[in-house]
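Q: I have a protein chain on my screen and would like to learn how to read its features one at a time. Could you take me through it, with the general idea before each case?

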Amino acid sequence: MLQRRTSIPPTLALLALLSLLPACGSMQPPPPSPQQKSQTMGEMLSAAGFQMVPADTQEKQEKLASELPLQVQYTVGRHGKMHYWMADPYDCKCMYVGGEQAYQRYEKIKLNEQFQAKEDRVAQQEAEAGQIEEMDQQEEMFNPYGGFGYIGPDYYW
């Protein structure tokens, strides 16, 4: 009588490998929540000179609810001056308002933040590349074929 054998170990190995695939895609940090984005933008706008106007009346609350949240918008005033604002219904429940100079400072701060984030990513990638290089060098130390890497049996024939 023949016994049928199932190949459980390869199946388990395949399942283990497939379970790791979603983890590879999750290496990126999750996008910030609206509250986190609101807090960050509010800090940058305040640093740039925008004024925080709380929605403390029914009329202001309705205006706040009718605006696109967390997007700096503008309008041209009667005398040709630019007026900027951002609705923040998440953190301060207010409107940030400012003029052209405040907006220019905000853009400069935003660019500096983006540049710093890019620099941080580059530094992290360089550190990871250095770790990989170090691991490769350590692996070469234990290579039985010397510093030439694996040559294979064809080399000797």
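This is a predicted model: local features need pLDDT of at least 70, side-chain atom pairs count only at pLDDT 80 or more; totals for chains, interfaces and linings use all residues.

Q: How many helices and strands does the protein chain have, and in what order do the elements run from the N terminus on?

A: The protein chain has four helices and four strands, and, read from the N terminus, these elements follow the order α-α-β-α-β-β-β-α. To see how the chain is folded back on itself, consider the contacts between residues at least 6 apart in sequence, of which 50% join residues at least 24 apart.

Q: Which residues touch the most other members of the largest nonpolar core?

A: The general idea is that in soluble globular proteins, nonpolar side chains tend to be buried together. Here the largest nonpolar core has 13 residues, and those that touch the most other members are Met-41, Leu-45, Phe-50, Met-86, Tyr-96, Tyr-103 and Tyr-106. Helix 2, strand 3, strand 4 (94-98) and helix 4 each supply at least two residues of this core, and helix 2 gives the most, with four residues. If you select Tyr-96 and leave out residues up to four places away in sequence, you will find that Tyr-96 touches a list of residues including Gly-42, Leu-45, Phe-50, Trp-85 and Met-86. There is also a second, separate core of five residues, among them Ala-55, Trp-85, Ala-87 and Met-95.

Q: How many aromatic pairs does a search of the whole structure find, and how should I read one?

A: The search finds four aromatic pairs, and for each one you can look at the distance between ring centres and the angle between ring planes, where planes over 60 degrees apart count as edge-to-face and planes under 30 degrees apart count as stacked. Phe-50 and Tyr-106 form an edge-to-face pair, with 6.4 Å from centre to centre and 70° between the planes. This pair links distant parts of the chain, since Phe-50 lies in the loop between helix 2 (34-48) and strand 1 (51-54), whereas Tyr-106 lies in helix 4 (residues 100-141), 56 residues apart. Phe-50 counts as buried at 4% relative accessibility, and Tyr-106 counts as buried at 3%.

Q: Where do Tyr-84 and Tyr-103 lie, and are they buried or exposed?

A: Tyr-84 and Tyr-103 form a stacked pair, with 4.1 Å from centre to centre and 0° between the planes. Tyr-84 lies in strand 3 (residues 82-88) and Tyr-103 in helix 4, so the pair ties together parts that are 19 residues apart in sequence. Both Tyr-84 and Tyr-103 are buried. Taking the rings together, Phe-50, Tyr-74, Tyr-84, Tyr-103 and Tyr-106 form one aromatic cluster.

Q: Which residues does a disulfide join in this structure?

A: In general, a disulfide is a covalent bond between the sulfur atoms of two cysteines. A search of the whole structure finds one disulfide, and this joins Cys-92 to Cys-94 with 1.8 Å from S to S. The link of Cys-92 and Cys-94 is left-handed, with -65° about the S-S bond.

Q: Are Cys-92 and Cys-94 buried or partly exposed?

A: Buried means under 20% relative accessible area. Cys-92, with a relative accessible area of 23%, is therefore partly exposed, whereas Cys-94, at 1% relative accessibility, counts as buried.

Key. Residues are numbered from 1 along each chain as its sequence is written. Side-chain values use heavy atoms; hydrogens and water are left out. Rings of Phe, Tyr and Trp (its six-membered ring) pair if their centres lie within 6.5 Å; planes under 30 degrees apart count as stacked, over 60 as edge-to-face and the rest as tilted. Buried means under 20% relative accessible area, exposed over 50%, partly exposed in between (1.4 Å probe, protein chains only). A disulfide is a pair of cysteine sulfur atoms within 2.5 Å. A nonpolar core is a set of buried Ala, Val, Leu, Ile, Met, Phe, Trp, Tyr and Cys residues joined through side-chain atoms within 4.5 Å. Contact means heavy atoms within 4.5 Å.
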